[in-house]
Amino acid sequence: MRRGLAILCVALACAFALWLWLRRGPTPALPDSAELPAATSPNPERHGGDPASPADVAPERALISGDTPGGAGEPEAYRAALSGLRGRLIWAGAQTPIAGVEVRVAEIWLEALSPSLDALLALGTQPPPVVFKASARSGADGVFTLRGVHSRAMLLLAIGWDTDKAAVRLIDQTPAPGQLVDLGDVALLERGTVTGRVVDGGGRPVAGARVRIAEAPKLALQLGVERFDPQGLGLWVQGPYRQVIQPPPWLQQYEKILPIGRATTDADGRFTVRGVRPGTQNLVADRLDAEPAVREILVVAEQVLEVGDVPLLAGQTIAGRFVDSEGAPVSGVRVGAAGLGMFMPVGLVGRPRPVDAQGRFRIGGLPRGSLYLVFQRRTGAPWEVRGPHRGTEVEVVLGALAEGAVTVTTEDGRPIDRIAFALQLADQAHFVPVFDATIPGEGHFFRDPQQRELWRVRHVPADIYRVVARADGYALGTAVLDLQKGARQRTAAIRLKPAPQLRFLVRDGAGQPIEAARIYWNATRPGKKKRADPTALPLVLGKTDAKGELVQSGVPEGATGFYCRHPAFALGQVHEAGPDHTVRFTLGPAGRLRGMLAEDGRAPREPCTVLAEPSGETRRKFLGVLLPAFTQTLPDGSFSFANLQPGIWRVRAMSPIGEATSPAELIRMARQSDGRGPPVKVEIVPAAEAFVQLERHTVVSAGAGSVVGSLRIDGKPPSGVRVMTWGARQATSVREDGTFALTGLADGDHWIGVEQGGSGLLPCRLWEGRVRIENGSQAALHLDLRVGDLTVEVVDGAREPVSGMPIELLGDPSDSGTNRGVVRVVVATDPAGKAVFRGLPFGGYRARSALHRPDGGAVLGTSRLEHRSAGEVLRLTAVTPARVEARLRFDESALTGAAEHEYARRFRPRYLVFEGDGRFVWGAVQERAGESWFVSSPGSPGEYRLSGRGPLRWTSSPLRLGGDAGVPQVVELRPDEQQVRAAVAKQRAEAQNKAP
């Protein structure tokens with residue numbers, strides 16, 4: 001079911017929140033008025049100019065913020081259009097008010113992901129995606145009031161900043177301009193306390209270890225997310241392309257908004273964490289140079305939980321030294337290390353540390369497997385990557401840094417006086433300015449005093465770069481600069497095209513100027529039709545002055561897609577500048593929407609969230625600047641939106657997402673929202689009110705059949721279990737007595753699943769099977785599942801534990817025990833190589849790697865195992881992954897006629913996938929010297945067929961990969977004959993119908 005941009009924003013916000021809490025080191029306090037930091041001014045002698053030559057590089061510019069906290073410094077008309085929130089903090093259980101707790105409101109904007117023109121060159125300060133706008137402290141009655149928020153942003157409450165009452169709530173009541181929305185009671189869960197001791201591998205107490213407790217997906221923690229350090233780095237590896245990402249400085253400021261229990265161990269290794277939310281939580285203990293420990297715990301409100309000893313393991317260590325090409329030690333280098341994760345080829349690098357005077361380093365607490373070194377030769381130099389290293393002792397030989405040159409002129413060949421430079425690590429086919437690693441030009445570009453159009457490029461590692469240049473009055477210019485070893489032409493030329501100063505004029509319907517209106521620009525997709533690129537987010541240009549004007553240079557001639565935003569008006573959009581280089585906006589009023597939600601023909605039994613999201617051309621027109629809106633239903637089912645952009649909107653009812661008490665719960669709620677009522681499209685007209693009727697049903701009247709039954713787990717009715725059918729898109733919770741009913745089912749086969757929620761975002765699937773409905777009958781399904789914990793231990797060929805490997809268990813349909821469905825659950829191994837499957841139904845299973853390491857580390861071939869008793873431990877041996885690099889031969893001998901052969905040649909596959917019992921990945925078909933080749937990433941050994949993806953299905957004979965089977969040199973693919981003949985017959989029939 002499509003939930004659109006709203007749920008995407010929610011998921012991004014929650015993933016961002018999860019990322020924030022998994023950090024290391026001290027956290028500086030965020031001031032009460034979170035002003036955006038100003039850009040620093042560079043040293044003009046270092047920023048692009050040789051000390052002996054004039055300073056000809058353009059100075060940095062401060063990024064003009066989208067908004068300021070509480071409207072500070074904004075004109076009166078702007079402040080008057082800002083909105084407010086009012087609510088009351090209470091304890092959920094006692095229903096008593098909570099006094100003296102600070103509440104902050106933050107705005108979330110998609111434009112936070114959008115850079116300004118200066119930020120594209122790393123010349124400005126990028127704003128944080130979460131901007132705090134107002135704060136207040138709850139009174140004796142628990143009431144708080146917050147003013148000064150924008151009605152077009154997504155709003156987030158941060159409660160109990162840096163206290164044991166910390167909580168986060170998404171606001172699902174979008175206010176109108178100038179409106180004070182009453183949120184009612186905001187209930188916080190009563191908290192518990194957790195105590196324990198952190199020890200090392202020998203059982204000795206560990207002092208100074210950090211302990212954090214929060215609800216977070218255990219699988220994500222086990223896969224390395226707990227290693228995130230905001231003062232560290234990120235590493236992306238994709239084939240030869242390697243990118244180092246440095247977290248923005250504001251990232252470490254936001255941990256305190258999240259409901260995380262924290263403590264530091266004392267001299268005896270003891271810790272006490274107060275204010276822990278009840279329910280299933282994950283405890284993470286870590287210390288520098290130690291493997292983080294993750295433990296799942298169950299916390300009860302207002303009780304103390306003793307968890308005992310939490311052991312930290314040493315993890316893998318990598319040591320070595322940096323030397324030059326003569327073998328002499330190199331000091332002054334900063335270095336960090338990381339292994340790659342399992343979901344994506346991403347590694348999290350701990351805080352880089354300096355080498356000693358002999359160029360030596362030693363880094364511990366790393367995951368087992370291949371490691372990458374990330375280092376910087378000196379402050380301000382580009383980060384470099386070496387690896388993968390499979391040993392624990394390495395010697396890194398640093399060659400000489402590369403040099404090159406670039407000429408920058410106007411179109412008629414004249415030099416330009418003041419230029420800002422940046423470097424992108426990219427080749428000719430790869431350039432994404434927002435996401436590529438940007439190296440500021442400071443310290444790398446030096447103007448030649450004899451040839452003013454020539455700039456020397458120095459102090460960069462040998463690589464392929466894209467040079468980005470900008471000057472006032474000119475559009476951005478780029479060129480590829482090849483500084484690889486052996487490159488002959490180490491020069492590049494850039495000719496900057498004029499970009500006239502654009503003058504933006506913003507007026508209201510009466511022609512009066514509008515001050516503080518925000519202006520954005522979206523890039524233009526290449527081609528004859530000038531359209532905003534739907535994959536791009538707008539760039540921030542600035543805001544208008546008291547005359548309603550903004551003058552901006554750097555936007556290229558003919559650019560399209562300008563937007564204007566002000567809280568008192570609807571958004572404005574202008575296709576392109578006029579012939580006088582002026583962009584004129586006339587902002588008008590927004591529209592209103594009133595509606596009624598009926599559930600089974602009556603008012604809904606409980607309040608619902610109503611989501612309105614832009615649709616169709618409205619969504620495309622204002623992509624990136626127009627966010628969804630939320631409201632709540634009243635007791636009679638009515639609802640209203642007082643401030644919607646004119647255009648087409650999709651409106652639907654959802655679960656009350658404002659009641660979600662954690663990021664994980666919010667995502668689960670969005671995932672499980674059944675949307676039992678289709679979205680309704682409605683047109684919003686300026687200064688007018690539209691009406692929409694929503695229908696919500698408890699059952700889908702697809703038929704008269706039903707499935708009723710009961711569920712027992714170890715002889716007892718379970719809690720937190722859902723029964724669902726995928727065909728009819730229905731789900732129901734198991735009642736307290738263990739019974740359930742799915743009604744309104746059509747005749748036919750229905751796949752029924754039983755899922756139990758856990759601490760992660762993905763529930764554990766306990767059972768899945770087929771039930772048949774005939775003639776509207778009622779089918780009975782009674783399940784009595786016996787479960788127990790199963791520990792799977794994974795070792796490699798040397799019997800060393802394999803950590804961070806996600807193991808997928810799938811129920812074996814041939815098993816004759818209670819597990820007759822396709823149970824599926826994924827758990828990752830811990831640093832000791834163990835994966836614990838809790839509450840797993842007894843029966844037969846197939847085990848395999850859920851994902852593969854991007855660096856080609858050990859994998860599990862498909863193994864069969866029996867889970868027959870609680871607490872048993874089974875050992876699996878990881879194996880070397882298989883990899884295929886083979887020439888493709890297309891066998892079309894079964895086809896007849898020129899038309900069939902032509903159709904097969906026309907639709908030869910571009911991508912291939914392995915189909916079999918194990919895990920493999922997609923791969924693209926490559927063309928080499930007129931031949932087709934297929935190169936796969938490493939995957940599980942086993943028996944597979946290659947299958948082509950595209951309009952025509954192609955398949956191969958069975959292939960045995962890995963072990964003694966070897967690697968095929970040639971793979972034959974054959975087209976689906978029936979599909980080819982059917983397509984050719986259809987073409988002939990269409991041709992005959994068109995014939996006169």
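I began with contacts (heavy atoms within 4.5 Å). Of the contacts in the protein with a separation of 6 or more, 70% are between residues 24 or more positions apart. This is a predicted model, in which local features need pLDDT of at least 70, side-chain atom pairs count only at pLDDT 80 or more, and totals for chains, interfaces and linings use all residues. Residues are numbered from 1 along each chain as its sequence is written, and side-chain values use heavy atoms, with hydrogens and water left out.

**Entry 1: overview**

I looked up the secondary structure. The protein has eight helices and 68 strands. Both are DSSP runs numbered from the N terminus: helices are H or I with at least four residues, strands are E with at least two. Next I checked burial. Buried means under 20% relative accessible area, exposed over 50%, and partly exposed in between (1.4 Å probe, protein chains only). Buried residues are 52% of the 996 in the protein.

**Entry 2: a four-strand sheet**

I traced an open sheet with the order β42-β41-β44-β45 and antiparallel pairing. β42 (629-632) and β45 (680-684) are at the edges with a single partner strand each, so one side of each has no neighbour in the sheet. From one strand to the next, the twist averages 30°. For angles, axes are lines fitted to C-alpha atoms, for helices over the stretch in contact, and the angles run from 0 to 180 degrees between N-to-C directions. Strands pair here if DSSP finds at least two bridges between them. β41 (residues 609-614) and β42 have four bridges. In that pair, threonine 609 is opposite glutamine 632.

**Entry 3: strand β37**

I then read along β37 (residues 560-565). Six of its six residues are buried. Four bridges pair it in the antiparallel sense with β34 (residues 518-521). There, tryptophan 521 stands opposite phenylalanine 562. β37 is also joined by four bridges to β38 (residues 572-576), again antiparallel. Cysteine 564 faces glycine 572 in β38. A hairpin through six residues connects β37 to β38.

**Entry 4: leucine 233**

I picked leucine 233, in strand β10 (residues 233-238). Is leucine 233 buried or exposed? Leucine 233 is buried, at a relative accessible area of 5%. Not counting residues up to four places away in sequence, leucine 233 touches residues including Val244, Pro247, Leu348 and Trp383. Its C-alpha atom is 9.4 Å from that of alanine 337, 104 residues apart along the chain.

**Entry 5: rings**

I counted 11 aromatic pairs. Rings of Phe, Tyr and Trp (its six-membered ring) pair if their centres lie within 6.5 Å; planes under 30 degrees apart are stacked, over 60 edge-to-face, and the rest tilted. Phenylalanine 914 and phenylalanine 934 form a tilted pair, 5.8 Å centre to centre with 55° between the planes. Phenylalanine 914 lies in β62 (residues 911-916) and phenylalanine 934 in β64 (residues 931-935), so the pair ties together parts 20 residues apart in sequence. Phenylalanine 914 also pairs with tyrosine 944, edge-to-face, at 5.4 Å and 80°. Tyrosine 944 is in β65 (residues 942-949), 30 residues apart from phenylalanine 914. Phenylalanine 914 is buried at 8% relative accessibility, and tyrosine 944 is buried at 2%. Elsewhere, Phe322, Phe361 and Phe375 form one aromatic cluster.
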